[in-house]
Amino acid sequence: MFQKLKEKKQKAVRFLFGSFTATALMFTFQACYGMPGETRDFDAAICGRVTSAQTGEPIQGISVCGSNYVSAKTAADGSFTLPVYSGYSTYSLSFVDEDGEQNGLFADLDTIVPSSALSKTVEVQLHERVK
């Protein structure tokens, strides 16, 4: 009789500790990484203009990719706006000519932009690819 009572007590204690452990793990995950599927709104933007290093003319259709997996395309005047989170000291940007034949086959460019660029227009010059 006492043995069955002791076993039931042990099962109840294990269940309670197991529940507390699982809850603690979920709380820790949420505190570190946020809720699954949670999105944060971008609260800043990097604005810029892409031109040809050889001619100085604006380049349309260049893909601008940020380190936050957001991208934009340059407009006819070479301008772009890339949404970002404020608070970082630098931002990594990649410029890729995906429609090469339309605008002269420009070489890709990876660059780092300081946070001070959030209040200014970033000027980027792309060189033509060596053929």
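Student: Which residue has its backbone oxygen 2.8 Å from a polar atom of the side chain of T74?

Tutor: That is I59. Before we go on, this is a predicted model, in which local features need pLDDT of at least 70 and side-chain atom pairs count only at pLDDT 80 or more, while totals for chains, interfaces and linings use all residues. Residues are numbered from 1 along each chain as its sequence is written, and side-chain values use heavy atoms, with hydrogens and water left out.

Student: Why is the pair of T74 and I59 called a polar contact?

Tutor: A polar contact is a pair of N or O atoms within 3.5 Å; within protein, one must be able to donate a hydrogen and the other to accept it, and residues adjacent in sequence count only if both atoms are side-chain atoms. The distance here is 2.8 Å, so the pair falls within the 3.5 Å limit. The T74 side chain also reaches the backbone nitrogen of G61, at 2.9 Å.

Student: How do you know whether T74 is buried or exposed?

Tutor: Compare its relative accessible area with the cut-offs: buried is under 20%, exposed is over 50%, and partly exposed is in between (1.4 Å probe, protein chains only). T74 has 4%, so it counts as buried. This residue sits in the loop between β3 and β4. Its contacts (heavy atoms within 4.5 Å) include V50, I62, V64 and F80, when residues up to four places away in sequence are not counted.

Student: What makes E98 and K73 a salt bridge?

Tutor: The term asks for a side-chain nitrogen of Lys or Arg within 4 Å of a carboxyl oxygen of Asp or Glu. The closest N and O atoms of E98 and K73 are 3.0 Å apart, so the pair qualifies. K73 belongs to strand β3, E98 to the loop between β5 and α2, and they are 25 residues apart. E98 is exposed because its relative accessible area is 55%, whereas K73, at 48%, is partly exposed.

Student: How many salt bridges does the structure hold?

Tutor: Two. The other joins the side chains of D108 and R129, at 3.3 Å from N to O. D108 lies in the loop between α2 and β6, R129 in the segment after β7, 21 residues apart. D108 has a relative accessible area of 47%, so it is partly exposed. R129 is partly exposed too, at 34%.

Student: Why do you say that β1 and β4 pair?

Tutor: Helices (H or I, at least four residues) and strands (E, at least two) are DSSP runs, numbered from the N terminus. Two strands pair if DSSP finds at least two bridges between them. β1 and β4 are joined by six bridges, so they pair, running antiparallel.

Student: Why are β4 and β7 called edge strands?

Tutor: They belong to an open sheet of three strands, ordered β4-β1-β7, with mixed pairing. β4 and β7 each have a single partner strand, so one side of each is left without a neighbour in the sheet.

Student: Which strands form the four-stranded open sheet?

Tutor: The order is β3-β2-β5-β6, with antiparallel pairing. β3 and β6 stand at its edges, each pairing on one side only. β2 and β3 share three bridges, so they meet the pairing rule. There, C65 is opposite S71 in β3.
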